[in-house]
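I opened the model to follow one residue and its surroundings, and then the fold as a whole. My entries follow in the order of looking up.

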Amino acid sequence: MSDHVYKKIELTGSSSVSIQDAIENAVAKASETIKNMRWFEVIETRGHIDDGKVEHWQVTLKVGFRIE
């Protein structure tokens, strides 16, 4: 097994559907330009309320990727 070096970045994804969808949106968009993503950790969850209903989710993640 080789030793690797990783870098962590912070992303914030959003969705009007769900927390999971906000996470998946952030990871999918980042994967367009960042290679070798390996893990994420949720560090903050926020939402927008309108008329007593959750209208929008916003989730901040730390994403780790291997440096080549």
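This is a predicted model: local features need pLDDT of at least 70, side-chain atom pairs count only at pLDDT 80 or more; totals for chains, interfaces and linings use all residues.

Entry 1. Leaving out residues up to four places away in sequence, N36 touches G64, F65, R66 and E68, where contact means heavy atoms within 4.5 Å. The side chains of N36 and E68 are joined by a polar contact of 3.1 Å. I take a polar contact as a pair of N or O atoms within 3.5 Å; within protein, one must be able to donate a hydrogen and the other to accept it, and residues adjacent in sequence count only if both atoms are side-chain atoms.

Entry 2. I placed N36 in the loop between helix 1 (19-30) and strand 2 (37-50). Helices (H or I, at least four residues) and strands (E, at least two) are DSSP runs numbered from the N terminus. M37 stands opposite F65 in strand 3. Strand 2 and strand 3 (residues 53-67) run antiparallel and are joined by 12 bridges; pairing requires at least two DSSP bridges. The two strands form a hairpin with 2 residues between them, and D51 in the turn has a positive phi of about 55°.

Entry 3. I then turned to the core. The largest nonpolar core has 12 residues, including M37 and F65; such a core is a set of buried Ala, Val, Leu, Ile, Met, Phe, Trp, Tyr and Cys residues joined through side-chain atoms within 4.5 Å. Strand 1 (5-15), helix 1 and strand 3 each supply at least two of its residues. A26, one of the core residues, is in contact with L11, T12, G13 and L61, its neighbours within four places in sequence left aside.

Entry 4. Last, I recorded the whole protein. The order of elements from the N terminus is β-α-β-β. The C-alpha trace spans about 55 × 20 × 15 Å along its principal axes. Of the 68 residues, 25% are buried.

Entry 5. For the record, residues are numbered from 1 along each chain as its sequence is written, and side-chain values use heavy atoms, with hydrogens and water left out. Local features need pLDDT of at least 70 and side-chain atom pairs count only at pLDDT 80 or more, whereas totals for chains, interfaces and linings use all residues.

Methods:
Buried means under 20% relative accessible area, exposed over 50%, partly exposed in between (1.4 Å probe, protein chains only).
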